[in-house]
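Trainee: I have the sequence and the model open. Can we go through the packing step by step?

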Amino acid sequence: MRLGLMVGYWGLGMGPADQLAVVQEAERLGFHSAWAAEAYGSDAATVLAWLAAGTSTIRLGAGIFQMPGRSPAMTAMTAATIDELSGGRMILGIGSSGPQVSEGWHGQRFAHQLQRTRDYVAVVRMALSRERVQFKGETLQLPLPDGPGRSLKLTIGAVQDQIPIYLAAIGPRNTELAGEIADGWLPTFFSPENVGEFRELLQAGADRAGRTLDRFDIAPTVQVCISDDWVAARDLMRPILALYIGGMGSRKQNFYKSLVERYGFQDAAAKVQDLYLDGKRDQAGAALPDELIDMVSLCGPREAVRERLGAFRDAGVGTLVVSPMASHLQGRLEQLRAVAECNG
């Protein structure tokens, strides 16, 4: 099982200098890839270009480019540019984000996401292959009909023959779609204990496309804190879990809450959401069961983390993307070294 590093986005404790420092250390340790995220602050593409300039071998993943924030043609342009700048190290992770960001920030309706993703990826692949882009789908048509638009092709070529495309997916149908059209899957709050359900969904998608999953990469992101103080390590996980389960969405629609409900934590998820949306964020974090934290993160003593890494490995994870949880740069570097040792 390969290790990746998630640097997240600015505002979660790391600015550009710290991001570069941890990525350079990950490269020294032999990590496979480094991934940058975006929400409504720092964008992933610019960060990846910055990291490309300061590294030489580690692969660079968009984790993720928000589909509503870029046309598929712009995503292809950006991916090809970063691939050129990095000497062929780009991994293109894309996802639909959520309705709050899509409609509130980008002004794009959050509707028909399955077909939108299918059409989007088809156009990205067409553009990256340097074909003239002519496409007529259910949600996207290029060139636009009855107008002056022309069928164009990308004027630069990527270094890689085919830039791998990963899909971020949580729901069952989106996970199936990843198995159908993508080269990898980027799950959030992945549970090795529930991998059977996910594998069935990925396989159903692959069967629909008449393909195998032999080279398909499962690449979850997982928060990590290796410490002999198990209580303190779990407590570091609580704010981000509470944010996503409680606050990333409305009472009616929260994909992360639905996910942990599928894991069997229905009552806890409801309590966390109620507390969080009532402004009681610390209480929401405290309401998270230890069992859930241990299921979707890497925390505790080295022996426990080493055993947990084995569970991810046995679940078929190809690239485990770790997010080191610490309040300062030195702590993050120490976490990187510890998880590399535990995975060795």
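Trainee: How are α1 and α2 oriented to each other?

Mentor: This is a predicted model. Helix α1 spans residues 16–28 and helix α2 spans residues 44–53. They pack at an angle of about 55°, with their axes 10 Å apart. Angles of 65 to 115 degrees count as roughly perpendicular and angles under 35 as roughly parallel, so α1 and α2 are oblique to each other.

Trainee: How many residues of the contact of α1 with α2 are nonpolar, polar and charged?

Mentor: From α1 come P16, Q19, L20 and V23. From α2 come V47, W50 and L51. Sorted by type, the contact holds no charged residue, one polar and six nonpolar.

Trainee: Which elements do the buried residues of α6 pack against?

Mentor: Helix α6 covers residues 172–181. Its buried residues are T175, L177, A178, G179, E180 and I181. Their packing partners are α5 (113–128), β8 (165–168), β9 (184–186) and α7 (195–209).

Trainee: Is N174 buried or partly exposed?

Mentor: N174 is found in helix α6. Beyond four places in sequence, N174 touches L114 and A169. Its relative accessible area is 28%. Buried needs under 20% and exposed needs over 50%, so N174 is partly exposed.

Trainee: How far apart in space are N174 and G95, C-alpha to C-alpha?

Mentor: In sequence, N174 and G95 are 79 residues apart. In space, C-alpha to C-alpha, the distance is 9.8 Å.

Trainee: Is S323 buried or exposed?

Mentor: S323 sits in strand β13, residues 319–324. Beyond four places in sequence, S323 is in contact with M6, V222, Q223 and V224. The relative accessible area of S323 is 14%. The limit for buried is under 20%, so S323 is buried.

Trainee: Which residues touch the most other members of the largest nonpolar core?

Mentor: In soluble globular proteins, nonpolar side chains tend to be buried together. Here the largest nonpolar core has 113 residues. Those touching the most other members are F31, F65, L92, L298 and V322.

Trainee: What is V322 in contact with, leaving aside neighbours within four places in sequence?

Mentor: Start with F31 and L298, both among the contacts of V322. Both also touch the most other core members, along with V322.

Note on methods: Residues are numbered from 1 along each chain as its sequence is written. This is a predicted model: local features need pLDDT of at least 70, side-chain atom pairs count only at pLDDT 80 or more; totals for chains, interfaces and linings use all residues. Side-chain values use heavy atoms; hydrogens and water are left out. Axes are lines fitted to C-alpha atoms, for helices over the stretch in contact, and angles run from 0 to 180 degrees between N-to-C directions. Helices (H or I, at least four residues) and strands (E, at least two) are DSSP runs, numbered from the N terminus. Angles under 35 degrees count as roughly parallel, over 145 as roughly antiparallel, 65 to 115 as roughly perpendicular and the rest as oblique. Contact means heavy atoms within 4.5 Å. Ala, Val, Leu, Ile, Met, Phe, Trp, Tyr, Cys and Pro count as nonpolar, Asp, Glu, Lys and Arg as charged, and the others, Gly among them, as polar. Buried means under 20% relative accessible area, exposed over 50%, partly exposed in between (1.4 Å probe, protein chains only). A nonpolar core is a set of buried Ala, Val, Leu, Ile, Met, Phe, Trp, Tyr and Cys residues joined through side-chain atoms within 4.5 Å.
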